[in-house]
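Here are some notes to read with the structure open beside you. Take the points one by one and find each spot as you go.

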Amino acid sequence: MSSLGLQGTLLNFKFSSFPNLITLDLSSDALFGTIPASLGNLSDLTTLYLFRNQFSGSIPPEIGNLKSLDDLEINTNNLSGTIPASLGNLSDLTILYLWENHLPCSIPLEIGNLKSLVDLELTSNILTGSIPPHIGNLTNLKFLNLPCNTFSGNFPQILCCGGSLEQFVIAFNNFTGPIPKGLKNCSSIVRVRLDRNQLAYNISEAFGVNPKLNYMDLSHNNLYGELSHLSNNGFNGSIPSQIGDLISLGILLDLSHNALTGDIPSEIGSLRNLENLNLSHNMLSSHIPFSFEEMKSLLSIDVSYNQLEGSIPTNKAFQNLLFDAFKNNKDLCGNVSGLQACDSSGTSKSNAMDKYKVEDQEEIQKDLFCVWKCDGNVLYEDIIEATKYFSPEYCIGRGGYGSVYKAELLTGQVVAVKKLYPLEDGVESGSKAFLDEISVLSEVRHRNIVRLYGFCSHARHSFIISEYLEVAVKLDWVIRVNIIKGLANAFSYLHHDCSPPIVHRDISSSNILLDLEYEARVSDFGTARLLKPDSSNWTELVGTYGYVAPGILAYTMRVTEKCDMYSFGVLMLEVLIGIHPGELISSLTSSSSPTGQNVFLKDILDGCLSPPTLHASHELFTIAKLAFSCLDANPESRPTMKHVSQELSKAKALDLELFRTMTLGQLMHR
């Protein structure tokens with residue numbers, strides 16, 4: 001019964017009618033309320049999926065009675081309370097997913113009894129305290145993921161004693177003390193993330209025989225010593241030659257922003273699967289080893305801000321780089337724009353490379369990348385490498401004007417990249433008019449608008465780069481009201497406070513993001529237009545089906561703020577009812593039989609949520625009234641965004657009985 005749109009609670013469901021049930025899958029529905037204790041009577045159950053719902057309250061201890069349970073997944077809900085100790089009775093359990101809830105407790109000691117456990121996922125809760133020492137006894141454990149919590153203390157030193165551990169992630173916590181000794185000779189480990197903690201340890205003693213390791217992030221800790229992996233620590237001394245033993249290292253080796261000295265060991269050339277290497281911002285000297293010529297998988301390298309000299313390798317990874325990857329060194333030379341050519345002895349024909357001029361750098365980039373108010377690290381090559389040439393695995397959304405990709409740059413910055421399809425209106429992506437428009441948009445600053453970093457105009461790819469947000473998904477009435485208010489403020493800013501005014505032209509739910517604080521942000525300005533007083537502002541039809549105004553405006557498409565007002569009215573109704581309001585709008589505007597006008601306002605509200613409080617009902621009434629005014633067939637009768645924003649900020653008290661008896665027809669004509 002997964003993904004069937006089931007709504008309601010399970011409190012009155014007769015689970016006793018299914019005593020022989022083996023698998024229960026109620027995932028990805030719209031169920032809410034508490035998880036019933038009666039589930040504990042399904043003694044033959046082996047699989048229980050309740051994930052991606054809106055369950056709240058505590059995990060019932062009776063689940064510990066399901067002795068045959070093999071797979072328990074109740075992640076992505078609103079669960080709070082404790083993790084019941086009775087889960088330790090599930091001796092056959094191999095998968096335990098509790099991630100993305102609001103669990104504010106510690107991990108019970110009894111979790112150490114789950115000897116069959118293979119996958120433990122507790123990411124993104126509010127879990128506290130220390131980790132039970134017996135977790136090291138889970139010899140079958142392959143995946144241990146505990147990031148984004150508030151754990152503290154030392155992590156147990158016993159780990160990987162069964163030789164099965166492949167993924168160990170404890171990032172974004174408050175762990176202190178040493179790195180677990182069990183990792184040193186964990187030959188099965190593939191991925192390690194210990195970043196954003198307070199670990200203090202001599203890194204040279206942390207790792208040893210790890211032949212399968214292909215990703216490791218130890219950044220933002222208090223690590224020290226001579227062996228180093230990853231950036232922003234206090235590593236010193238030389239890079240040990242043993243680093244060449246990590247032959248499976250594939251994605252990234254980042255030793256930047258440390259205090260490393262000496263030569264770059266030629267053994268790094270043995271990392272034939274490595275794709276990205278960052279040695280920048282150290283004090284490394286001498287030459288770049290010619291063994292790097294054999295690194296055929298290498299896509300990018302950054303050795304800037306060191307004391308290196310001599311010629312750079314001639315393989316593709318080096319020759320395709322920009323000067324930024326080599327700048328601020330002693331005397332590097334080679335066939336790269338901005339570097340001096342080498343003489344017959346392999347040294348620079350000039351020792352003036354440290355006098356690199358800003359205007360030269362701008363000349364190199366001016367036809368490639370246009371960025372405004374950016375940190376200078378967003379470059380075409382970074383985007384291509386971060387998305388693996390726009391591989392589908394990095395795609396996080398698609399629209400009518402392009403596909404959006406998540407890109408983590410070598411600097412650690414994460415951005416959203418919209419790769420554009422050919423643009424409408426005959427405006428080329430590299431034209432002065434288009435670049436002028438993007439330049440104006442890049443200056444927009446509002447808390448409810450995703451920041452635009454810049455635009456890349458390239459023969460093969462054109463794309464817009466903007467701020468990336470981790471998205472929150474759990475919405476109650478208070479949050480939904482605040483979403484509407486925040487968006488109204490944002491669009492009011494674009495329409496009334498920017499000069500010239502900016503019309504978004506594609507307001508839809510898919511272009512609204514929520515950050516982890518539930519703050520709404522407007523995104524996707526790929527079709528936005530400036531309302532210039534000296535222009536007719538005519539354009540072809542753009543926008544998302546179901547949000548574009550009907551009638552003559554939609555076909556002739558003279559761009560005015562009123563285009564956005566209709567779309568915003570649709571969006572406001574969508575937030576109220578939980579789905580696109582297309583059918584509702586049709587029933588209200590039908591010339592033959594507008595039956596929808598007799599429907600009560602309270603009956604169209606999203607049934608997945610509890611009924612609104614008295615205060616929320618006041619604001620929902622105002623939102624609904626404004627939404628219908630935005631849908632007026634006559635564009636000139638629609639309100640301005642400033643009016644909508646002001647009305648939302650002063651929602652008046654409403655008699656609760658009036659709210660319960662108000663029909664949509666009455667609301668439309670108030």
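**Notes on the model**

1. Let's begin with contacts across the chain. Among those between residues at least 6 apart in sequence, 53% join residues at least 24 apart. Keep in mind that you're looking at a predicted model.

2. Next, the overall make-up. The chain has 13 helices and 34 strands. It runs to 670 residues, and 52% of them count as buried.

3. Now for a pair of helices. Two packed helices are described by the angle between their axes and the distance between the axes. Here, take α5 (residues 477-497) and α10 (residues 614-630): their axes come within 10 Å and cross at roughly 40°. The crossing of α5 past α10 is left-handed.

4. Which residues in α5 and α10 meet? From α5 come Trp-477, Val-481, Ile-484 and Lys-485, and on the α10 side they meet Ala-616, Glu-619, Leu-620 and Ile-623. Sort the residues of this contact between α5 and α10 by type and you get six nonpolar, two charged and no polar.

5. One residue has a note in a database record. UniProt, in an unreviewed entry, lists Lys-419 under "binding site". You'll find Lys-419 in strand β28, which covers residues 414-420.

6. The cut-offs behind that are under 20% for buried and over 50% for exposed.

Methods:
Residues numbered from 1 in each chain as written. Predicted model: local features only at pLDDT ≥ 70, side-chain atom pairs only at ≥ 80, totals over all residues. Heavy atoms only, no water. Axes fitted to C-alpha atoms, helices over the stretch in contact; angles between N-to-C directions. Helix = DSSP H or I, 4+ residues; strand = E, 2+ residues; numbered from the N terminus. Left-handed = near helix turned anticlockwise from the far one by under 90°. Contact = heavy atoms within 4.5 Å. Nonpolar A, V, L, I, M, F, W, Y, C, P; charged D, E, K, R; others polar. UniProt positions renumbered as here; feature names shortened; annotations may be inferred. Buried < 20%, exposed > 50% of the residue type's maximum accessible area, 1.4 Å probe, protein only.
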